[in-house]
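Colleague: I would like to learn how to read the features of a model like this one, taking them one at a time. Could you give me the general idea behind each feature before you turn to the case at hand?

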Amino acid sequence: MKKTFVFTCLVGVFALSILASCEKNKNNETKISAYNETESHNMGQNCMSCHLQGGSGEGWFKIAATVYDSLQISPYPNTTVKLYTGPNGTGTLKCTIEVDGNGNFYTTEDVDFSTGLYPVVSSNSGTNYMSSPIYSGNCVSCHGNSTSKIWAK
């Protein structure tokens, strides 16, 4: 009799903890990286594997990744990522995202990638332009896999 009660209580606590974690992410929380903040984590990992609807991360990211130094070894904090409608910083500026103190950038704000956007990464030392447009904010689907990491001068 006692074993059944203990098991039932443990199952009930487990079910409540699962329910609480699911409820936490039922609604999208606003999360936008900012210079000098250090709350982000998992540099170089696929942010979108957790930060999506139904995922365990807070907020559903529309674009996210890590910026590295020019050697592509260490995260490069406090740089800036901009998204333009044209190559080399031309066209209309659609989005500006501050890279935080850990080198990560992310936003839950809507970003329309349907016509393609051209990323620009800027630091105090210079600017890097991506020559082809992106149609998704899941940067690590290419960077660090089939292409080099995102880096700043």
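Modeller: Let us begin with burial: buried means a relative accessible area under 20%, exposed means over 50%, and partly exposed is in between, with a 1.4 Å probe and protein chains only. This is a predicted model, in which local features need pLDDT of at least 70 and side-chain atom pairs count only at pLDDT 80 or more, whereas totals for chains, interfaces and linings use all residues. Residues are numbered from 1 along each chain as its sequence is written, and side-chain values use heavy atoms, with hydrogens and water left out. Of the 153 residues of the chain, 35% count as buried; among them is cysteine 95, whose relative accessible area is 11%.

Colleague: How many disulfides does the model contain?

Modeller: A disulfide is a covalent bond between the sulfur atoms of two cysteines, and the criterion used here is a pair of cysteine sulfur atoms within 2.5 Å. By that rule there are zero disulfides. Take cysteine 47, which is buried at 13% relative accessibility: the closest cysteine sulfur belongs to cysteine 139 and lies 8.4 Å away, so the pair is too far apart for a bond.

Colleague: Which order do the strands take in the open sheet?

Modeller: Two strands pair if DSSP finds at least two bridges between them. The open sheet has four strands in the order S3-S2-S5-S6, with antiparallel pairing. Its edge strands are S3 (93–98) and S6, each of which pairs on one side only. On average, neighbouring strands of this sheet are turned by 20 degrees against each other, direction ignored; the axes behind such angles are lines fitted to C-alpha atoms (for helices, over the stretch in contact), and angles run from 0 to 180 degrees between N-to-C directions. S2 and S3 run antiparallel and are joined by five bridges, and tyrosine 84 has leucine 93 in S3 as its bridge partner.

Colleague: How many residues lie between S5 and S6 in their hairpin?

Modeller: There are two residues between them in the hairpin, and the antiparallel pairing of S5 and S6 extends over four bridges. Serine 122 is placed in S5, residues 118–123, and its bridge partner in S6 is threonine 127. The side chains of serine 122 and threonine 127 are joined by a polar contact of 3.4 Å, where a polar contact is a pair of N or O atoms within 3.5 Å; within protein, one must be able to donate a hydrogen and the other to accept it, and residues adjacent in sequence count only if both atoms are side-chain atoms.

Colleague: Where is threonine 108 found?

Modeller: Threonine 108 is in the loop between S4 (104–107) and S5, and at 8% relative accessibility this residue counts as buried. A polar atom of the threonine 108 side chain lies 3.0 Å from the backbone nitrogen of lysine 31. Contact means heavy atoms within 4.5 Å, and, leaving aside residues up to four places away in sequence, threonine 108 touches several residues, including Asn28, Lys31 and Trp60.

Colleague: What is the phi of asparagine 36?

Modeller: Most residues other than glycine have a negative phi. Asparagine 36 has a positive phi, near 70 degrees; this residue lies in the loop between H1 (2–24) and S1 (63–66) and is exposed, with a relative accessible area of 59%. Asparagine 78 has a positive phi near 55 degrees, is found in the loop between S1 and S2 (80–84), and counts as partly exposed at 33% relative accessibility.

Colleague: Which residues touch the most other members of the largest nonpolar core?

Modeller: A nonpolar core is a set of buried Ala, Val, Leu, Ile, Met, Phe, Trp, Tyr and Cys residues joined through side-chain atoms within 4.5 Å. In the largest, with 17 residues, those that touch the most other members are Ile63, Val67, Leu83, Phe105, Phe113 and Ile150. S1, S2 and S3 are the elements that give two or more residues to this core. A second, separate core has five residues, including Met48, Phe61, Ala64 and Tyr106.
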